Structures are given as structure tokens and as C-alpha cells.
Amino acid sequence: RHDSGLEPSCNSTDYPGWCEHEWCYVDPAACNTEYSATAYVVNATLHYSYTVCGFGYDFEQWFYRPSTPFLPSCKACPPDIECPLNTTLANLPLPDGYWRASSHTAEIYTCDDSDTCASGKGTAARPPGTGIYCEDGHNGPLCEACVADDQYFDTFLRRCVGCPGAWRWGVLAGALGAALVIGAGIYVGMSAFEGSRPFLRRVVVAIWQPDVQSKSKLAISFLQVVVALNDVYDVPFHKNFSGWLTRIAFAKFNPIELTYPSRCLGSLRVRLLVDALWPFAAMLVIAGLVSGYAIAYSRWGGGGGCAKDARRVSRTVLLTSTVLLYLVLPGATRNVFRARLCATFAYDDALDESQSYLLADLHIQCSASDPDYRGLDAYFWSLFVLWPVCVPTGLLALLLVACRKEIRTGGRAKLADACSFLWLDYSQSLFFWEIVDMVRKLFLTSLILFVDTKSGSSKLLRLVVAAMTSALFVTCLAAIRPFKRSSDLYLACTANLLLTWFFIAGIVLKLCEEGRWPLTSTSTSCYTFAGITSSYNASATIVALTASMLVVLLLLGVARAINGVKEPGTIRLVSTGHEPSLSLPGGCSFHAFFSHSWSTGQDQTHAITRQLQLFVPGVRVWLDADFLDDLASLEQCIARSATFLIFLSRGYFRSVNCRRELAAALVEKRPVIAMREEDSGKGGASATALREECDHFCGAEHVGAAQVIFDEPPVTWVRMRHFQLEALKQLMLRLLRALPYYATRRSLLDKGLRIPGEVGPCSFTSPVTLLTSEANPGAHQLASEVKVAAERVVSSLSATLAQQGHSASMSNSMTCHASVTGVVRLQSAEAALGGVPTAEGWSSPSASRGASRVAPRPRLAGSVLLLYLNEDTFSEEEDESSPLTSVICRALDANILVVMAHEQDDTRGGCRFSALLEHTPSAVQRPPYRLYDAVAVPLYRDPLLRLIGIRRIMQQMLAAGVGTRRNTEGFGGRFGVLRVRFAGGPPASRETPSIR
């Protein structure tokens, strides 16, 4: 018993068995049994043997396991560790900041997150499990477990600290309550100001619009996977970037974990239940708040009745619950795996043993022999069924299945609208893609923990599988193209490509992890396997690309939201500010079947269809260029369309196929919506001529066809932008009236639609004098129409203010201002221009022909000359000395704006512009006047288009500086009214009028 009681291994109470065994030195040349070289005598070739004395080789098994009896017993010292003479495994010295699981292993770990790894303050004689390499009060792996039950390990302070008291919950509850009160106060305060309500509505609509929603979901999904790099894959970032993941920990969407130490909640079982059940408690709280608000609004705010309020509450609660489940699903599932997520540490090199500990509670070993670990099985499997199984594939998937019919047909039923957060970004045939993406996120953030459950965090296999999964998902996205918008598809592919690179970079970081390759230096192994000399570059790349992706998504989302607040890019209801519902009747796949003559209407119908699809996302119009495969299927396509849209042009009723389509629509009793080409040069014809053509070709074959088609005047189609927008708006309004959703909701369409870029109403807030020449037939009548239109705007605005409950003083003030500033004054141009003093007098314009124009004179205050152009404006004998030409030249010389209106209605003398050019005197066409450099406003027979023309006349007056435009709708309009009111009205001496 040569070793009994000797240091360092045989003088403890739990000394190994070989301390009592005998051994002796032997001569290798004369020995026929096992022997080994001794390490006790330095630079000697002495050998010893236990078997000669009748004992086994227990010491060899305890100290090291040689492959052959002749393997040297001395091993290389671990990296960054200094081994003095006669160092053994038991007395291997560890500097501060390093830790090992026992004195039987040479595997050394760096304490990156703890300042309590101090081997000099612990002795190997301590009982196992007390942390012989840790400061007092700390034990467990890497000294990150706390001995006291009322303490937790603070990663910021890098040591155990006391748990906060109950006051922390009070502070959190107070902060949340204060935030709710402040938010409600801001909302109520802004809502009290009547002009801000449309603005608030636009803000809500802009934030919730599909484009902003999709960008937000992509950013959240991207962050939720990136956060898992540390928790699930244990990617060892360079020490300069080790804390950056804590800055995006909010992506876990676990407010309890972010605000209160989880260990202080109690045992691990309690923590698992709290993490799994708090989202459902939050849903109950939200339901209570929404219900309370609905009850209060119904009682004191004049709600829409109990049944209506109940439906609104259920829809709001379902929508918020869906969003909440979407946000917390990856984090909640990963919390379930806290009962299985272990970290493995080498324990005994001789026996090749290791020990695993639960990362959620380092006091629990991941072993069937630990009763605490065995007791977590029931909790784990129960919560596993609840979150990663029931929530995505049960609850959310069942919601989509329940409303799949409305989604596929473009409808917005109550249930489909409530869960629109899940399907609105995707095409109708792939409405379930959100569930597929959820499964991908769950696999990358939690389910992959099933891969090598014991030591997968320290291995490369999980990263390899995750990289392959992300690359495969990019391929699926590119092939299937599930998104409605191409921009979302490109961003989703980019995000998954970045994740693929991140997982590959994680492999590189593991290869370059300090201390992973004990026999070589870190830089050598990193360069050998990855081609780089440090993990810094890979860590910096991940951080930079993550920040870049988030910045891009943030900028795109903010830009779309700002655009949505400023001016929505789609047709919306004036009554609600929302996009219209496009629910289809049963058995229908298209909203409209577009019938047209190929010879005179093909180009127009293509342009109309494309613009409708641009302004109304989701509208489906059957057009032959897109869907026609076989003429024999025309009747079936019409039967599958909710409405029958006709583009009337010259020769439409002569076409056999057009009459065939019309007959099928009449048989199917489809609502007929008619549009008419206005330009005769493009196949246009008057409504009277088209009806005569219909009676001639369809009278006997299709009795009553003309009555159905012309029951409502056809929508007029012209090629100028502002008039096209009005035609599209009227066309969409008629289409919506034929859809089932608005059959019982007619009031939603009473105020009409709003389309971006349309010409809205505007009027003048200071005197405007409209000059007309007696030599210009029809100009005075048109000026009267402009005056009536301006007065109607002021009257309508005053009535609106009165209905909204403004004070009597404001109403009286508005009435007073309307009588002064809202009226366009009409005056004879001859009388007005005759009063302008000039040095040269009013000689014939021939005096200045070919010369430079005289210096501009001060403009008459708020005066505009209206020039009405039709076939009677200029006669064939018209010359530069005629009365009208003289008035035009005098007005231009006096620097008075000339606004031209070109009549298009042939019943009012409408003519082509080329005819006007032939009869217009050359004196006003040539320099210095150049009359036709300005664009004349067309005036059409259609009352709606004629109103647009009159508004365009007023806009030209404003653009030239006669006033400043102010829209009469929305926040800006009402604020402008108040501004005029409190300013006391415009001063009478102001030369340039302002505009209401």
C-alpha cells in the first residue's frame, strides 16, 4: 500500500480504491505481464506494475485509459492553463474565470457570463456538488447556480443577487396602467377635436394595412429565429458581441421573463405553468377590457345595440387573440422545452463520463436518477401538446379552415375578417401558408431541440439541419410564390437566405470557439477548418446583417404607413375609410365578366382592368386576354361571374360573340354594368346611337336587352387621367352594389368611394372675379356653373359643421364668411379691362407683333378670364382686331390668367381642337401671347365628368396663384376652417385671395 494516505488523491475521505493496492517496479525485459512507465521520477525510464502484486489496473482506469500498455501517461496541459512540475489531474490548477465539473476531468470551461469562477476560494476536499471551483454562495455548472433559494443569477451583474420583493409587481402594474391611461387620454383628447377623427382613422387603417402588416410579420419572424441562436444552438459569439442578443430579447414576447426573474417565481414546475398560461390570461384581460369599453360606449356613447356590440366585441377579441398567439407561439414553445434543454459537461475522463444539467434550473441533472427531472415529464408532454401542437395546427388552422370559402372567393365575412391577420398577405389559393411558416419557425426555434437532446447544444448537427431547412424553405418560396405582393416575396426570400448564412456562420463560430480544440490553438484550428483567424469577423457579419435587415423592413413599413396616412393607394369607402369588401356570391369566382368588341374596345378594357386591379387589390375581372382558352366555355365563365360588365363601343352589338355573351348574362340574370367610349376616333358613340344599334341587332333576339343595359346611364370613359379616375370610381361603386355583402349594408355606400388622385371639391375664401367676354358665347353660362359649384362647397361645409355640433358663434361666423368669401363674382371682361391704365393705350396688338411683350402690369385683384372654346368661339372671319381677340390680348398684357374650357358635348357646340386651331387668329397663337401653351379643360356631357371639368377649372385658377388650395375633407380641411374663424376672416385689403 505505497500510496495510502498520500497527497493529493489518497488523503481525502472519498479516496479511490487503487490507493489501497500494491505495486512494484519491474524490468520490462524480464516482465511478461502488464506494466507502465512511471511519472514519479522525472527523466527516468522506470516501469511499474500492479498485476505482479496481484491487483488490477484500477489506477490506470482512474487516471487515463491508455490504448496500449506503452502509451505515455503524461498529457499536454489544457490551453491557457499553466501546469507546474508533478501536476496531476486532481491538482490541476485553474485560474479565476475558468471552471471544470470535477477533479477527474481535464475539460476546462470558460466562465463567460460569470465572475464567480474562482478556484482559489474552493478546495477539492469539499463534498461533491458544493462548487469547489466557485465563490461562496454559488455552485453548479459555470458557477451560475445559486445556493440560496431567495437568490437568482443576474447575467448583467454576473453573480447571484436577491430576488426583488412584491413591490416589483406593483411598479409593473402601475407602469402598465399609466401607459393605458395616457394612451386613452391622448385618443379621447384627439377624438374630442372633430377634425382629428378622420386623421386617427387613417392612422389606424395605415398601420393595419396589409403591406405594413406583412413587413412587420417578416421582421418579427426573422428576429424570433435570430434570438434562438444563443438559446437553442449555443452559438458562441465573439466576446465583443456577446451581449447584443440581449438587446433584441423583446422578440421572445415574454413580458414576465423581461421584467421579473423567472427563478424567483418558484420551482421549475411553477415557472413552466406561468410561462405557458400567461398568454391565455392576457387574452381574458383583453376580452374584459374590450367588453367593458363596449358596454360603456353602448350606454353613454350611443352604441349600435347589444347584438351589434356583441359581434364587434367578439370580432375584436378574436383578432387580438390571434395576433397575441402569433407573437408568443415560438417563445412559449421554447419555454416548454426548458424541461428538456440541457447542457452537458465532461465529468470523468477515465470513465468517459459526463453530466448534464437543465439550463432552466442548474440544480437539476438531466438524468432518470434525478427525481426532480423525472417529475417534469408530465408537465413537458402536456404543455407540448398545448403549444406546438394545438395552437398552430389546432386552433389557428381550424380558424382558417372554417372561413376558407370566404377567403378563396375574396369575401370578408365576420370570421374571415377577424382572422385576416393570418391570411391577408397570401394569395387566395395559399391562404394557409401562415401555418406552414409557423411550423418552420417552431422547428428552427424549439422542435430542433429533439435533435441530440443530451449534448446537441455543443455539437454542430443542429446548425447543419437548420441551415438545410432554411435553404429548402427559400426554394419553396421561390417555386410556390405564396405572397400577394412581389415585394413581400423578395423580402421573405432574403430573410431566409440570411438565416441560412447565420446558421453557417454559427458553425464557423463553434469551430473557432476558444478552448474547443485542446491540442491546438484556437487561431490554428479556426484557420484550418474555416479559413479565418478569429471569430470576430463571423460575429460582426451576423450582427451587421441582422441590423441591416431590420432597418430595411422598418423603413419599408414606416414608408408604407406614412403613405397610407397621407393618401391611401387604393379605393376606399368614404363612410369608413376602409377598403371595400369583395365577398362573392356562392358559386362565383370572378367579380365581373368584361365583355367588349375586339375591334373597337380591346385596348380600353385592358387598361380599365389593370387600373381596377391596381386600385382594388383582390378584385377578379374575367378578361379574354387573361382567361379565355376555349370559346365554348364563355357561358360557364359568365355563370361564374357576379356581374356582367359591358364596354360599349361602335359595333359592339354587331358582334355575334358579344350578343352571345349578353344572352348568357340575361339568362343567368347577372347585374349589367355598362361603360361607354366617349372618343369617336377610338370607336366611341353617343348613348343614343348605341341604343339604336342595340335595338336594331338585339330587338327581336333579346327582348328587353336595351332596357337592362341603358336602365342606368353608362359610365363614360375618356383618356384624361382625372376623368378616368372618376369613371373607375363610378364603375367600382356600381359593382359593389351588386355584391352580396352590401345587399344589407347600403348605407356604407351612400357617401360613395374615394380614389387616390381624384379631383376633390374646393372653393375660395376671398373674393374671386371671373371675367367673361360678351363676344364669347357660352362663357357667361359656364362661369355661372363655376360660381354655383363654389357656393355649394361652402354651403355643404357649413351644414356639416352644424351637424357635428359646433358652437353657434362658429356657425354664424362661417355663414358670414360664406356670404363674402365663398361667392365667385361675375363681371364683363370689356368693362373690367377698360379700367386698366396703360401708357401705350389699347391699340391693336399688331403694334407689338414680332416685338417683345410689354412689361407685365399688376394683376387685377383676384381676376381670371374664362375663355369658353366651342365651334362658335372663333368664326372664319375672326382676326386680330375682332372683339374677342382684343379682350384676350388685353387680358394677357395685363397679366391676367386666362383659363380655357374646351366643350366636348356636340349638343353644346363641341368640336375638335384641330378645328379651333384653324380659326383662332394667329396673333394670339404666336409669341408673345402663345394662348394654347396652356392646356384647355375638357367639358363632357356626362354630369359627373362635367363637374370634374369645373373643378379642374378652379384648380387651374388656384395653381396660377389666384389662391391657395385647401381640401374640404378630413383633418386639414376642418382645421383650415377653424384657422379662418380664429383669424377673424381674410382682410379686405388682401390682393391675392385665399382658398377654402
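## Strand E22 and its partners

Strands E22 and E23 run parallel and are joined by 3 bridges; strands are DSSP runs of type E with at least two residues, helices are runs of H or I with at least four, and both are numbered from the N terminus. Two strands count as paired if DSSP finds at least two bridges between them. In this pairing, Ala901 stands opposite Val937 in E23. E22 also pairs in the parallel sense with strand E21 (residues 863-869), over 6 bridges, and there Val864 stands opposite Leu897 in E22.

The model is predicted: local features require pLDDT of at least 70 and side-chain atom pairs count only at pLDDT 80 or more, while totals for chains, interfaces and linings use all residues. Residues are numbered from 1 along each chain as its sequence is written, and side-chain values use heavy atoms, with hydrogens and water left out.

In strand E22 (residues 897-903), 7 of the 7 residues are buried, so the strand is largely enclosed by the rest of the structure. Buried denotes under 20% relative accessible area, exposed over 50%, and partly exposed the range in between, with a 1.4 Å probe and protein chains only. Leu897, Val899, Ala901 and Glu903 point one way from E22, whereas Val898, Met900 and His902 point the other way. In a regular strand the side chains alternate between the two faces of the sheet.

## The parallel sheet with E13 to E17

Five strands form an open sheet in the order E14-E13-E15-E16-E17, with parallel pairing. E14 and E17 are its edge strands, each pairing on one side only. E13 and E14 run parallel and are joined by 2 bridges, with Trp622 in E14 as the bridge partner of Phe593.

Helix H24 packs on this sheet and touches E13, E15, E16 and E17; contact means heavy atoms within 4.5 Å. The direction of H24 makes about 150 degrees with that of E17. Axes are lines fitted to C-alpha atoms, for helices over the stretch in contact, and angles run from 0 to 180 degrees between N-to-C directions.

Helix H18 (residues 598-615) has 18 residues, which at 1.5 Å a residue should span 26 Å; its end C-alpha atoms are 25 Å apart, in agreement. The expected span is 1.5 Å times one less than the number of residues. The buried residues of H18 are Thr600, Gly601, Gln604, Thr605, Ile608, Thr609, Gln611, Leu612 and Phe615. They pack against several elements, including strand E13 (590-595), strand E15 (641-648) and helix H24 (721-737).

The axes of H18 and H24 come within 11 Å and cross at roughly 75 degrees. The two helices are therefore roughly perpendicular to each other; angles under 35 degrees count as roughly parallel, over 145 as roughly antiparallel, 65 to 115 as roughly perpendicular and the rest as oblique. Ile608, Gln611, Leu612 and Phe615 in H18 meet Arg721, Gln724, Leu725, Leu728, Leu731 and Met732 in H24. By class, this contact has 7 nonpolar, 2 polar and 1 charged residues. Here Ala, Val, Leu, Ile, Met, Phe, Trp, Tyr, Cys and Pro count as nonpolar, Asp, Glu, Lys and Arg as charged, and the others, Gly among them, as polar.

## Antiparallel strands

An open sheet of 3 strands has the order E1-E3-E2, with antiparallel pairing. Strand E1 (24-26) and strand E2 (36-37) each have a single partner strand, so one side of each is left without a neighbour in the sheet. E1 and strand E3 (residues 47-49) are joined by 3 bridges, and Cys24 stands opposite Ser49 in E3.

Strand E8 (residues 151-154) and strand E9 (residues 159-162) are antiparallel over 4 bridges. Phe153 stands opposite Cys160 in E9. These two strands form a hairpin with 4 residues between them.

## Backbone geometry in loops

Most residues other than glycine have a negative phi, and most peptide bonds are trans. Arg158, in the loop between E8 and E9, has a positive phi near 65 degrees; Arg158 is partly exposed, with a relative accessible area of 24%. Asp352 has a positive phi of about 55 degrees and lies in the loop between strand E10 (342-348) and strand E11 (353-358). Asp352 is exposed, at a relative accessible area of 69%.

The peptide bond from Pro927 to Pro928 is cis, with omega near 10 degrees. Pro928 belongs to the loop between helix H30 (922-925) and strand E23 (937-939).
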